[in-house]
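Reader: Please take a close look at one part of this model, the packing of a pair of helices, and then at the salt bridges.

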Amino acid sequence: IDDVGVYTCTVSLTPINSNGKSIRRNKQSFVTSKGLLNNVDYSSKFDDYSTSYDLSFTMAVKYVRREIRTLTEEDRNKFFNALRLTYTYNDVDGQALYGSKFHSAEYFLHLHLQGAGTSDCDHWHDGAGILPHHVAITLQLEQSLQSIDPSLSV
């Protein structure tokens, strides 16, 4: 899946258990060659455990994450223009223009310094805190950029 849109997808399934009972699943995650599909709604009954089955469904893609070096010039300009606006506006003015998910670069700097700014009390970089804190702040930055331009991602 290379772009935002609605896709008709087919996933090949092979039943896991072979105890002779039918399997019925709803909301399942699948790993495909195109990535992870979460909470796909479907209902299937497998009667033959030696066969793979194909499941077709429609999936909406709201945005696609891309590596920055692969962006077109237009997409790269949109990304950096939105990022520039996080440095231009404070939270109050930015939220008035772009909504409650907008946060300024100052907000992110303060958030990072608050969680990791002192050598005697670094909650973000020591131990298990590094991954969840950085994932959360990156998600907030992405949502802030998307409040400016919904087609953007980090």
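Author: The description below begins with the helix pair and ends with the salt bridges.

This is a predicted model, in which local features need pLDDT of at least 70, side-chain atom pairs count only at pLDDT 80 or more, and totals for chains, interfaces and linings use all residues. Residues are numbered from 1 along each chain as its sequence is written, and side-chain values use heavy atoms, with hydrogens and water left out.

Helices are DSSP runs of H or I with at least four residues, numbered from the N terminus. The axes of helix α3 (residues 105–116) and helix α4 cross at roughly 170 degrees and come within 11 Å; axes are lines fitted to C-alpha atoms over the stretch in contact, and angles run from 0 to 180 degrees between N-to-C directions. The two helices are therefore roughly antiparallel, a term for angles over 145 degrees. Contact (heavy atoms within 4.5 Å) involves Y107, F108, L111 and H112 of α3 and H134, I137, Q140, L141 and S144 of α4.

S147 also belongs to α4, which spans residues 130–148. With 18% relative accessibility, S147 is buried, that is, under 20% relative accessible area with a 1.4 Å probe and protein chains only. Beyond neighbours within four places in sequence, S147 contacts Y98, K101 and F102.

Two salt bridges are counted, each requiring a side-chain nitrogen of Lys or Arg within 4 Å of a carboxyl oxygen of Asp or Glu. R69 pairs with E67, with the closest N and O atoms 3.0 Å apart. D75 and K78 form a salt bridge at 3.8 Å, N to O, and both lie in helix α1 (residues 73–88), three residues apart.

Key: Buried < 20%, exposed > 50% of the residue type's maximum accessible area, 1.4 Å probe, protein only. Parallel < 35°, antiparallel > 145°, perpendicular 65-115°, else oblique.
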